[in-house]
Amino acid sequence: KEILLEVKGLKKYFPIKKGLLRKTVNHVKAVDNLNFSIFKGEVFGLVGESGCGKTTTGRMIVRLLEPTEGEVLFEGNNILELNQQELRKKRKDFQIVFQDPFASLNPRMTIGEIIEEPLVIFNQLEAKQRKERVKELLQVVGLKEEHMDRFPHEFSGGQRQRIGIARALALNPKLIVADEPVSALDVSIQSQVLNLLKDLQKRFALTYLFISHDLSVIKHLCDRIGVMYLGRMVELAPKKDLYYEPLHPYTRSLLSAVPTTNRRAKKERIILSGDVPSPANPPSGCPFHTRCPEVMEICKVQRPEFRQVNNGHYVACHLYE
Ligand code: SF4
């Protein structure tokens, strides 16, 4: 399989400043040494509770946020080393669909203008062809040509997310980062938008990084899934392995909350004690040890390495060493 995107040693530390002189007293380690790859044409899911660093990761990948350290290789080139001009050229290859379809569309622009905007910014096509492209995109996401001259407030949440998707598709990107694209929508609408994303992925052989806090949302969409906890990847596996043979106690607890009709999956709900610790003061050793039902002495002092235990199945846990 061909690798489209490779993330190496990616870190994002936000300084915590205090006092009149705004001295840095500590850092929030939002993303702490992340390593993973996304293959061309796959849907890679990134899951974890809020604050685990998944959104920060997505934003660093599309360069809406500068990493503190690390590399993001897109088709082998480190996009963090590109100058402004080179970055501008590359930018059209990776697009983002935001969580909130209400906040991410400019209320003063018509739908046609919103979808056309990236084509204008990147100097693509003549004016007439751009209009044709907008019509085509509207149709692709299940909207109508006559919607072009209307404004975002005239649409429902699901329709607005379709508009956001059409805009993201305008430049034929190679990678789409979808950051919780359905979590602001009514449950009844969620599956429609998920189905649309799935259809588009098949139709245009797209690659997605799909970010979600909800394992049930990404179950039908993803090929492989990475689970994050406190800024780190704790487990990564092909979907089937992750759902049927989860290894990390954190993944097991997340999965135990997902309703299932499959007899092979464990039904017993695992309730974790305590809250997610602050990423400014992560626990020593294994960052999950303060909540882990299977904690051992070694977990408190030694950080488990992220290792491959089965074909393509990685985990960071002392239980598998
Ligand atoms: Fe639990 Fe220890 Fe594994 Fe961490 S390393 S997940 S504390 S068993």
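**View 1. V7 faces its bridge partner V72 in strand 4**. This is a predicted model, in which local features need pLDDT of at least 70 and side-chain atom pairs count only at pLDDT 80 or more, while totals for chains, interfaces and linings use all residues. Residue numbers start from 1 along each chain, as its sequence is written. Strand 1 (residues 3-18) and strand 4 (residues 69-74) are joined by five bridges in the antiparallel sense. Strands here are DSSP runs of E, at least two residues long, and helices are runs of H or I of at least four, both numbered from the N terminus. Two strands count as paired if DSSP finds at least two bridges between them.

**View 2. Four strands make an open sheet in the order 2-1-4-5**. The pairing is antiparallel. Strand 2 (23-39) and strand 5 (77-78) sit at the edges with a single partner strand each, so one side of each has no neighbour in the sheet.

**View 3. Strands 11 and 12 form a hairpin**. Four bridges hold strand 11 (residues 306-310) to strand 12 (residues 313-316), and the two run antiparallel. N310 has H313 in strand 12 as its bridge partner. Two residues lie between the strands, and G312 in the turn has a positive phi of about 75 degrees.

**View 4. L209 sits in the largest nonpolar core**. That core has 80 residues, and A166, V177, L209, F210 and V234 have the most contacts inside it. Such a core is a set of buried Ala, Val, Leu, Ile, Met, Phe, Trp, Tyr and Cys residues joined through C-beta atoms within 7 Å. Neighbours within four places in sequence aside, L209 is in contact with I38, F44, L46, G58, I61, L175 and V177; contact means C-beta atoms, placed from the backbone, within 7 Å.

**View 5. K198 belongs to helix 6 (residues 187-204)**. K198 counts as partly exposed because it has 14 C-beta neighbours inside 10 Å; buried needs 20 or more, exposed 12 or fewer, and partly exposed is in between. From K198 to S212 is 15 Å, C-alpha to C-alpha, with 14 residues of separation in sequence.

Notes. Two residues are in contact if their C-beta atoms, placed from the backbone, lie within 7 Å.
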